[in-house]
Amino acid sequence: MAAKRIGAGKSGGGEPNILAKISNSEIVSQGRRAVGDAVGVSKKLLWSTGKAAWIAGTTFLILAVPLIIEMDREAQLNELELQQASLLGAPPSPVQMQRGL
């Protein structure tokens with residue numbers, strides 16, 4: 001059997017150990033409150049950011065994507081008209097030339 005070391009383990013004088021003193025101090029309790037408040041604010045911020053991202057994303061899909069698709073169709077139509085005009089040998093009209101630029 002190994003001999004007990006003196007001073008190892010809990011102190012026998014009825015005095016709480018240093019870890020208990022530190023964890024029960026006012027500074028530690030203020031730190032815990034501050035961390036709890038920071039966690040609460042962070043959760044609210046993340047929730048609000050997620051809601052804002054959802055609103056921005058759906059608004060973009062509803063408003064901007066159809067506009068981009070329509071602009072692409074218009075550009076393809078203008079390009080097709082210019083190609084047809086050049087194949088037929090007719091000089092492009094001034095309106096077609098402006099659209100092509």
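The protein averages a pLDDT of 81, and 72% of the residues score at least 70; pLDDT is the predictor's confidence in each residue, from 0 to 100. This is a predicted model, in which local features need pLDDT of at least 70 and side-chain atom pairs count only at pLDDT 80 or more, while totals for chains, interfaces and linings use all residues. Residues are numbered from 1 along each chain as its sequence is written, and side-chain values use heavy atoms, with hydrogens and water left out.

The protein has three helices and zero strands, giving the pattern α-α-α along the sequence. Helices (H or I, at least four residues) and strands (E, at least two) are DSSP runs, numbered from the N terminus. Among the elements, H2 has the highest mean pLDDT (93), whereas helix H3 (residues 94–100) has the lowest (59).

The accessible surface of the protein is about 9,300 Å², of which carbon and sulfur atoms supply 67%. Such areas come from the Shrake-Rupley method with a 1.4 Å probe, and for residues only the protein chains shown count as cover. Of the 101 residues, 3% are buried. Buried means under 20% relative accessible area, exposed over 50%, and partly exposed in between (1.4 Å probe, protein chains only).

| Residue | Relative accessible area | Class |
|---|---|---|
| Glu26 | 49% | partly exposed |
| Arg33 | 49% | partly exposed |
| Leu63 | 59% | exposed |

The side chains of Glu26 and Arg33 form a salt bridge, with 3.5 Å from N to O. A salt bridge is a side-chain nitrogen of Lys or Arg within 4 Å of a carboxyl oxygen of Asp or Glu, and by this rule the count is one. Side chains of opposite charge can pair when their charged atoms come close.

Leu63 lies in helix H2 (residues 26–88). Together with Phe60, Leu61, Ile62 and Ile68, Leu63 forms a nonpolar surface patch of about 550 Å² of accessible area. Patches are made of residues with over 30% relative accessible area and no salt bridge, where like charges are joined within 9 Å and nonpolar side chains (Val, Leu, Ile, Met, Phe, Trp, Tyr) within 5 Å.

An unreviewed UniProt entry lists residues 52–69 as "transmembrane region". UniProt positions are given in the numbering used here, feature names are shortened, and annotations may be inferred rather than shown by experiment. Over residues 52–69 the chain is 100% helix and 0% strand, with the end C-alpha atoms 25 Å apart.
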